[in-house]
Amino acid sequence: MTISAFDHPFLSGLLGDDETASYFSAAADLRAMLGFEAALARAEAIHGLISHEAARQIDITCARFEPDVVRLRTATARDGVVVAELVKQLREAVGSPYSDCVHLGATSQDVIDTSLMVRLRAVAFLFSSRLSRIAEEFDSLDARFGKAALMGRTRMQAAIAITVSDRLRAWRTPLEAYRDRLTQQRFVLQFGGAAGTLERLQDKAPAIRAALAQDLGLSDEPQWQSQRGLIADLANLLSLISGSLGKFGQDIALLAQAGDEIELTGGGGSSAMAHKHNPVAAETLVALARFNATQLSGIHQSLVHEQERSGAAWTLEWLILPQMAMATAASLRLALELASSIRRIGA
């Protein structure tokens, strides 16, 4: 066992998701942070805070800049954040006379939180697409088996006969709602400066913030550096998605246990019992749902964000949110595989 199962050399075969993991890599984070710095310079040039020549130099430098990661690591241990050292190195690369125009009016939290929003927006698009594919798979099952009979069960006991369509509706309906919520989710620029007031930009602050948000494809709203409801709301949605997929997994595992109402292709082998085909994907969906449910309480703890900035609450988000996103990604991947593996359902 290693620190994270999501990028473990072999556990990641079950729990990992390379496509989603790419958005949480250090390289992706640095690209997004440098993208913020370049976009900030462009916005400030538009509104006359810096020259267009300075903005061009910063833009060109950000596009090709490769920071010294060893120095970044050392500085983060000291500063608690990477941005101070990143900006220092970027200013060195931009050089005179434009180095003072880098990061003008911004603070570390602006860079880090905006990088997160840019990357989460891409992840949300990916998850929305996967939810649509799972719903389509359920529609295909409905077309083939919807009229077949199933035993409806309440409190783990046989109740009355239902149809496969009834069970599929219970699986599919919440996923459609989550897909709609993901497409409507706000991904908001964080831009507040040292204490959230953008004091260095004075009366140009609203216009620069609006231009910056438009450049990055994010919503333009007042700073939210100490109000973390946006993060908690998204984490809650991640837990809801994995929770509903966990219900799907649990139902499949129970159907497979009875054996006469479902037939699956594939399945996991046993080292001791060659005849077994374990419902591995179904079981893992249950585990991932429970994992996200427990992590959500930690994200809610990070809402206790004292005064204008909290290092403790912020760090807690860094520990938890990527893991929740990875758990949700794995759930979506496994749910699609599991739905596709249903050869027959119903009697």
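**Reading the terms: burial, rings, pockets**

Colleague: Is Cys101 buried or exposed, and how do you know that?

Modeller: In this predicted model, Cys101 has a relative accessible area of 16%. Buried means under 20%, so Cys101 is buried.

Colleague: How many disulfides are there by the rule?

Modeller: The count comes to zero disulfides. For Cys62, the nearest cysteine sulfur belongs to Cys101 and is 12 Å away. For Cys101, the nearest cysteine sulfur is in turn that of Cys62, at 12 Å.

Colleague: What makes Cys62 count as buried?

Modeller: Cys62 has 8% relative accessibility. This value is under the 20% limit, so the word buried applies to Cys62.

Colleague: How many aromatic pairs are there by the rule?

Modeller: The count comes to six aromatic pairs. One of them joins Phe6 and Phe291.

Colleague: Why is the pair of Phe6 and Phe291 called edge-to-face?

Modeller: A pair of aromatic rings is described by the distance of the centres and the angle of the planes. The ring centres of Phe6 and Phe291 are 5.7 Å apart, and the limit for a pair is 6.5 Å, so they form a pair. Their planes stand at 70°; an angle over 60 degrees counts as edge-to-face, which gives the pair its name.

Colleague: What makes this a link between distant parts of the chain?

Modeller: Phe6 lies in the segment before α1, whereas Phe291 lies in helix α11, 285 residues apart.

Colleague: How do you know whether Phe6 and Phe291 are buried or partly exposed?

Modeller: Phe6 has a relative accessible area of 11%. That is under 20%, so Phe6 is buried. Phe291 has 26% relative accessibility. Since buried means under 20% and exposed means over 50%, Phe291 falls in between and is partly exposed.

Colleague: Why is the pair of Trp314 and Trp318 called tilted?

Modeller: The ring centres of Trp314 and Trp318 are 5.0 Å apart, which is within the limit of 6.5 Å. Their planes meet at 55°.

Colleague: How do you know whether Trp314 and Trp318 are buried or partly exposed?

Modeller: Trp314 has 3% relative accessibility, under the limit of 20%, so Trp314 is buried. Trp318 has 33%, between 20% and 50%, and therefore counts as partly exposed.

Colleague: What lines the largest pocket?

Modeller: The largest pocket has a volume of about 1100 Å³. Of its 30 lining residues, the closest to the centre are Phe24, Ala26, Asp29, Trp318 and Pro322. Helix α12 gives the largest share of the lining, nine residues. By class, the lining divides into 18 nonpolar, six polar and six charged residues.

Colleague: How do the residues that line the largest cavity divide by class?

Modeller: The lining consists of Leu120, Val123, Ala124, Phe127, Leu182, Leu234, Leu238 and Ala325. Leu, Val, Ala and Phe count as nonpolar, so the division is eight nonpolar, no polar and no charged. Helix α7 gives the largest share, four residues.

Terms used. Residues numbered from 1 in each chain as written. Predicted model: local features only at pLDDT ≥ 70, side-chain atom pairs only at ≥ 80, totals over all residues. Heavy atoms only, no water. 1 Å grid on protein atoms, 1.4 Å probe; cavity = no way out; pocket = protein on both sides within 12 Å on 5 of 7 lines; lining within 4 Å. Points joined across faces, edges and corners; volume = space filled by probe spheres on them. Helix = DSSP H or I, 4+ residues; strand = E, 2+ residues; numbered from the N terminus. Phe/Tyr/Trp six-rings, centres within 6.5 Å; stacked < 30°, edge-to-face > 60°. Buried < 20%, exposed > 50% of the residue type's maximum accessible area, 1.4 Å probe, protein only. Disulfide = S-S within 2.5 Å.
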